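Reader: Let's go through this one. Start wherever the side chains get interesting.

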Amino acid sequence: MDLWSDPETTILHGGFLLAAKLSHPKALTELAKSDWPRVGQPITDALKEICSSRSSSPSQPNVWKKKAVIIIWAKILLPFDQRWKEDVFFSVGSMIPRINHTVLFELLKALNAPRLFVQLLLALPTAVRQQELELFVKYVVNETSLVDVTFFLDVWWEIMKHKEGEQDKMILMFSTLAHQHLSKSPDEPCHPAKRFKGDPFSLQSSPVATGLLTVLIDGLKQLYESIVLPKMKCCALANLAELLSVFTVIERESSSLPVKAYLDKIASVVAIWNDDSENRYNGRGLEEKVKEAERSVSLLSVVKLSNEELFVGLSFLRSLLQGWGEELQCMLNNHKEICYESYRLLDSLNAFGKNLISFAKSGDLCEDEKQMVSELGQIIMDFLKKINPKPKGRNSDSSVMALVAMAIIEKRMDRHTEMCSIFASEKAWAFSKDWVACLVKNRALFQKPELVLKLLETTVTFSLSADNRESRELQSQVIKTILECYAELPLSDKNKVISGVLASWGGQGLSLNLKASMEGFQEELNLAFNQITQSASDQGLTKAVASVARLTLLHPEATVKKVCNLAVVNLGTHQFLAQILCSFPALSFQEARDDPNQSGSLLERCLKETVWGKLSSAKEKEQFVEFLAFLMQPSSGHSLLSPAEVTKAFVLPHLKSDFAHVELSLQILTKVLEVQPDPEEQWLKSCYPFPLLLGLCKLLDGYTKYWHRFRDQHCPSLETKDLIATTLAQLCDMVGQKAAPSPEVWIQSLAWLHRKVELLDWTVVPATLFQICKLSEDEWTSRPAPAYGAGSGLLAWMECCCISTALREQMLSLLTVDVDNPEEVNLFSKGFLVALIQVLPWCSHSEWKRLTQVIESLLHRQVLHVPYTLEYVQYMPLLNFKPFAHYLQFSVLFLRGFQLLCSSSCSSWLPADAWQHVVRLYSSSLTELLGSVKRDSQSHWHSADDKNPTQEVSFVYIQVFCHVLHVAAMLPDDRSGEPLLVLALEILSQYETLSAADKSLSSALRKANEKHFLESITDNVSNKELRATLLQKLSKL
């Protein structure tokens, strides 16, 4: 690296030659301080010429000064021998005559370069820097001038402000050379110390060892009598106070200023420099002022002084305060004399006084030390109390603070990320042109959720007073920038912003306060969701989420309502839309409402206002239920609705028989119970499980009066009865599992439920009642039931069989009939038939199926006697009916049941709707019977041991056909018999298939006779439409 070109070398060489001539006969190595005014002028003139004539930019003079000082100091420190002939300083250094420290120190004073001096000093090996600083102090205390004092105080201050890592290439080269040739300690590295990233308070982390600080304090002791100007006294006291303050901080981590105080301090310094024309930084640019002010705020973290050294320093500070106090108080109370030095003094004493109070309370000090520290703290507080409050802190005005903050942000200075927080939230600065320009230019720094939120809050505040075109344009520009910052956030951070918006402005979001942001919102909303619903796929999810994230920020409620509506009306997209919503856990936001009992989430309210009560088709209801299920337990993302929320909102208030959509609430409850919650979650307990149980019980109880309710009274269909019963059983099981470990917690609720269900039909909650069946008769406690008279026990037994499969099996196991006693069998069979027709109309499909399985079981056990008559038999064929006997008995039992049900005593018992229901149940049972006959016949055909059962199966089909027509003829209302027509046609179709497959020799005559018989039976059907349809079918056989 060529430090100097030939012209600069010649000029500097000439300056030193002239200085040597002026010094003659004394060599420059013997130059004394008093000789400098006579000898030093050529050297300073040469350097001024180099800096002024060769500088191409404002920074160049400092570069030439630095080069000159490095060359001179290297010349002094390094011996001129073969060891460094190859070094970069050799070519220039060899042209300079040998010199001493007088030249170095006077040149530094002449250049007013305390910072450069400190940078180079601290680049030296530890022992060398100590020696050099001692030489400097020795130099300035000898024949001390005002310039010496000023420079000494500035050097001290620069040492305090020094930061590692500020060295440029030239300083590093100087440090490398010095360590190579001057390091004497075997423990000291022969290379410049790099910035250490370990403990910031360890000895190795700072080039300022304790010895340097002691040298400074000793130097001040020798100089203080030469300090006569009040400004210098302020500076000296401030330096000492700042130095000692570092060692009296109890918790170093807490010594970092809060960012607001940090900004205020920097802005105060800049404001003072702006007003203080004598300060060196007065004419500098804002950026340079701010950087230098930052250095003065972020002081060096140095090693700890020993207690002895610390208390020597404290004692010295006390003596200085006592000696200079009155003079400085007069100065500080004179507003016209306020300057940077006075500001520093007040600021440092104020901080130091507070530190001393805490330091005195620490457990590390003895009583004498505590007393001394406390006394010094009191002296400082007394000193400060005598100062007029106004000059104690010249806090900058808002405009200076704003400019400083923006400079820190734009130039990425220390703590610029923290400064962004103040910038975003300080309302007084916001929306100036500079503020907007800074935000737009540095938008990348504001891509954090907390900053986006603060910017939004500031923008909302500004919007309240944005009453002209220019303000609105600035507002639009800022909103655009904020949205760009928001768009760059990861999804988790976007959720934080949405949470903040909801917490601040509720479901309306920004729509009410930032009208400018809502221009074109509805069109954007519609367009976005049109695209989303057309490309509903996993691949399009990320893009869809990003689109919805922007809309949700602007108007959360409108966006959520749009999703809820589309999830119901748009076929097949409900799961995809739920997946999008579940990407935003912020939407589970709980809204504050006037009535605490009506509190709920934003999503829940949107579902109620947009969808609930407006579902017009079964498909919409189905999608709504599945949509809720996915929101409770999504395959990915976060659940937005808890089972408890859904239950409280869409189930519990609506479990009433007169509610038009009670079936929908029951379907929702079923989905809720399918959710697998967190094991620790107590959602069931939080959503009133016992009122929920009671609601389901009441719905079941309503079915006991199902056919006798008022015509306009709504009641869930019988198809829903199975869903209610299943849900009730499942819920009882869940409550039982929760109650079992700690029954004492639930006992009051269980007692409450027991009292309530006593008013309901006993079949609603029969589980506990049936435990008495295992008791002997003398242990029973009877309970009056108006609906059950003498001999009606079989009815109650049959009602129990309908309730559940488990209870049916229990009832069958408990049933005892003496099959060896014909009278008992007959009585049981007659009673069974009577009970059957009493239960039949109130059975749901599932209950009826359980009851038909009871019939099958009793027939197989031969407990139930069903005599077969020859009512529809022209002749008794010699066939084997044993495999099909139960089917015939089954059909005959139903026929006998309808004969009773349609008799004059019962004809007015059921309304028309009930007859239709009974016929549907009957038809479903016979359809299953036909299927069983078909399967059994096929198994016989494939068996080698059995004969062909075609004639037996034909006989069964014909008998069942006749039974169906008989039942149709007995029905009081022809319209209720439509299912029987379908059933009869199905029987004929199966008969036709069977006949077509029969190729036996004697089958033709038998088929003709059977067809004639079927036609003759059909001719007697009174219903013309039924008769005509069946005869048409028979004609094709």
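Reader: What does Arg-284 count as by relative accessibility?
Author: Arg-284 counts as partly exposed, at 32% relative accessibility. Buried is under 20% relative accessible area, exposed is over 50%, and partly exposed is in between, with a 1.4 Å probe and protein chains only.

Reader: And what does Arg-284 form with Glu-288?
Author: A salt bridge, with the closest N and O atoms 2.6 Å apart. The term covers a side-chain nitrogen of Lys or Arg within 4 Å of a carboxyl oxygen of Asp or Glu. Glu-288 has a relative accessible area of 38%, so Glu-288 is partly exposed too.

Reader: Where do these values come from?
Author: This is a predicted model, in which local features need pLDDT of at least 70 and side-chain atom pairs count only at pLDDT 80 or more, while totals for chains, interfaces and linings use all residues. Residues are numbered from 1 along each chain as its sequence is written, and side-chain values use heavy atoms, with hydrogens and water left out.

Reader: How many salt bridges does a search of the whole structure find?
Author: The search finds 44. One of them joins Lys-608 and Glu-604, at 3.2 Å from N to O. Both residues lie in helix H29 (residues 602-610), 4 residues apart, or about one turn of the helix. Helices (H or I, at least four residues) and strands (E, at least two) are DSSP runs, numbered from the N terminus.

Reader: Glu-604: buried or exposed?
Author: Buried, with a relative accessible area of 6%. Lys-608 is at 32% relative accessibility and therefore counts as partly exposed.

Reader: What about Asp-998 and Arg-1006?
Author: Their side chains meet in a salt bridge, 2.0 Å from N to O. Asp-998 and Arg-1006 are both buried.

Reader: Moving on to Lys-265. Where is its place?
Author: Lys-265 sits in helix H13 (residues 259-275). Its relative accessibility is 18%, so Lys-265 counts as buried.

Reader: Which side chain does Lys-265 make a polar contact with?
Author: That of Asp-347, at 2.8 Å. A polar contact is a pair of N or O atoms within 3.5 Å; within protein, one must be able to donate a hydrogen and the other to accept it, and residues adjacent in sequence count only if both atoms are side-chain atoms. Beyond its neighbours within four places in sequence, Lys-265 is in contact (heavy atoms within 4.5 Å) with Leu-257, Val-297, Tyr-343 and Asp-347.

Reader: Now the largest nonpolar core. Which residues touch the most other members?
Author: Phe-446, Phe-624, Ile-668, Trp-797 and Phe-832, out of 345 residues in that core. Helix H43 (residues 950-970) gives the most to this core, 13 residues. A nonpolar core here is a set of buried Ala, Val, Leu, Ile, Met, Phe, Trp, Tyr and Cys residues joined through side-chain atoms within 4.5 Å.

Reader: What is Ile-668 in contact with?
Author: Setting aside neighbours within four places in sequence, the contacts of Ile-668 include Trp-612, Phe-624, Leu-628 and Phe-650.

Reader: Last topic, the overall make-up. How many helices and strands does the protein chain have?
Author: The chain has 46 helices and 2 strands. Of its 1037 residues, 51% count as buried. Among contacts between residues at least 6 apart in sequence, 77% join residues at least 24 apart.
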